[in-house]
Amino acid sequence: MQLELRHLEAVLQVAEAGSVGRAAARLGVSQPALSAQLRRIERVAGGELFVRSSSGVAPTPLGDFVLSAARRVLGEMDALTAGTRATMPHPVLRLGCIQLVLVDRLFGHLEEKLPGHEIDIAIEHSATALVRLLGVGQYDAILFGELADHEVPLPDGAAIRTLIPKEPACVRLSSSHPLAAQAEIELADLASETWTALTDEGDGGPEAMADACRRAGFTPKLRYRIADRRMRWELIAAGRAVSLCQPTSPYVEGTVLRPLAGDPLPGRIRLAWNRAAISNERAGLLFRAAARAYLDNIPNNTFFQAWWEARPDLHPALD
């Protein structure tokens with residue numbers, strides 16, 4: 001057996017994750033499979049690369065040597081890949097997104113910023129899935145949201161830029177709901193409601209939601225996890241559930257969108273990309289296209305437009 005790039009990547013992931021189990025989750029393989037692979041790598045390397053303990057793993061002197069070489073080799077391969085793609089006349093842009101409102105307007109702005117380029121956009125229902133697919137090379141870049149203080153862990157070789165540093169959390173509820181007439185809604189007033197959410201956000205949403213509700217004096221009742229946006233809207237319009245939403249969300253018949261008082265669940269939107277696949281220049285074009293798409297949706301709700309205009313420090317740089 002000879003060491004390959006995938007073996008070096010596995011060793012790096014174990015070192016950075018601090019445990020074989022967490023590294024396996026990042027790589028999308030089982031822990032036994034990664035443990036077996038690590039043993040084969042150690043046989044080729046001539047000794048143990050990590051010291052195992054109940055708290056995780058730490059590199060041995062041999063492990064430090066292999067890790068140093070792995071970082072150098074993988075860095076050079078990343079540079080080679082980036083240079084090769086940069087010489088292509090119109091390399092395909094493979095973009096993964098979670099169900100952000102801005103995606104609906106993104107195509108037009110991408111065509112303007114990247115004329116003649118082939119664009120492949122896919123929607124995932126989980127930030128966790130987006131990151132994993134960025135790490136294995138299925139996507140060149142990803143757009144995703146985060147709630148409260150949660151930070152989505154990124155794979156090696158990824159760069160990140162914050163598109164929107166803060167936006168207030170809103171709740172969508174039936175237009176016939178007793179609270180629908182209020183300009184803003186206290187989270188505590190939703191204690192008896194049934195909530196719906198995406199199937200697996202991976203953006204820190206469930207944890208942040210539980211913490212915010214706990215501070216408001218109740219435990220949220222989550223009954224429905226629905227990936228299809230239209231199905232969620234129909235459920236809400238029927239008065240059977242409420243849901244957190246972005247403040248840029250469009251009008252939906254039979255529902256209203258209201259900000260939560262005190263901003264208990266602030267969100268942000270971020271762009272991450274594989275440095276080996278996208279140059280800084282191209283990443284800048286992608287950033288500006290996504291920013292324009294976001295700005296297009298600000299007039300959807302007058303309360304958010306006023307909130308946004310009062311906070312110029314949050315506006316994305318478009319130069």
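Partly exposed residues are those whose relative accessible area lies between the buried limit of under 20% and the exposed limit of over 50%. The legends below describe a predicted model.

**Figure 1. Proline 220 lies in the loop between helix H7 and strand S9.** Helix H7 covers residues 205-215 and strand S9 covers residues 221-225. With 22% relative accessibility, proline 220 falls in the partly exposed class, because that class begins where the buried range, under 20%, ends. Not counting residues up to four places away in sequence, proline 220 touches Trp195, Met209, Ala210 and Cys213. Serine 192 is 28 residues from proline 220 along the chain, and the C-alpha atoms of the two are separated by 8.0 Å.

**Figure 2. Strand S8 runs parallel to strand S9.** The two strands are joined by 4 bridges. One of the paired residues is threonine 194, whose bridge partner in S9 is lysine 221. Strand S8 spans residues 194-197, with Thr194 and Thr196 pointing one way and Trp195 and Ala197 the other. All four of these S8 residues are buried. Trp195 is also among the residues that proline 220 touches.

**Figure 3. The cysteines of the model form 0 disulfides.** A disulfide is a covalent bond between the sulfur atoms of two cysteines. The criterion applied here is a pair of cysteine sulfur atoms within 2.5 Å, and by this rule the count is 0. For cysteine 97, the nearest cysteine sulfur is that of cysteine 245, 18 Å away. Cysteine 97 is buried, at 0% relative accessibility. Cysteine 213 is likewise in no disulfide, and its nearest cysteine sulfur, again that of cysteine 245, is 15 Å away. Cysteine 213 has a relative accessible area of 0% and is buried. Cys213 is one of the contacts of proline 220.

**Figure 4. Alanine 148 and aspartate 263 have positive phi values.** Phi is near 55° for alanine 148, a residue other than glycine. Alanine 148 sits in the loop between strand S5 (141-147) and strand S6 (158-167). The relative accessibility of alanine 148 is 25%, and this residue counts as partly exposed. For aspartate 263, also a residue other than glycine, phi is near 50°. Aspartate 263 belongs to the loop between strand S11 (255-259) and strand S12 (267-274).

**Figure 5. Asparagine 297 is a buried loop residue.** The loop in question lies between helix H9 (280-296) and helix H10 (302-309). Asparagine 297 has a relative accessible area of 6%, and counts as buried because the limit for that class is under 20%. Leaving aside neighbours within four places in sequence, asparagine 297 is in contact with Val101, Leu102, Arg105 and Thr248.

**Figure 6. The whole protein, shown for reference, has 10 helices and 12 strands.** Along the principal axes, the C-alpha trace spans about 70 × 50 × 35 Å. Of the 319 residues, 47% are buried. Among contacts with a separation of 6 or more, 74% are between residues 24 or more positions apart. The accessible surface amounts to about 15600 Å², and carbon and sulfur atoms account for 51% of that area. There are 34 positive and 38 negative side chains, and the centres of these two sets lie 3 Å apart.

Key. Residues are numbered from 1 along each chain as its sequence is written. This is a predicted model: local features need pLDDT of at least 70, side-chain atom pairs count only at pLDDT 80 or more; totals for chains, interfaces and linings use all residues. Side-chain values use heavy atoms; hydrogens and water are left out. Buried means under 20% relative accessible area, exposed over 50%, partly exposed in between (1.4 Å probe, protein chains only). Contact means heavy atoms within 4.5 Å. Accessible areas come from the Shrake-Rupley method with a 1.4 Å probe; for residues, only the protein chains shown count as cover. Lys and Arg count as positive and Asp and Glu as negative; His and the chain ends are not counted. The place of a charge is taken as NZ of Lys, CZ of Arg, CG of Asp or CD of Glu. Two strands pair if DSSP finds at least two bridges between them.
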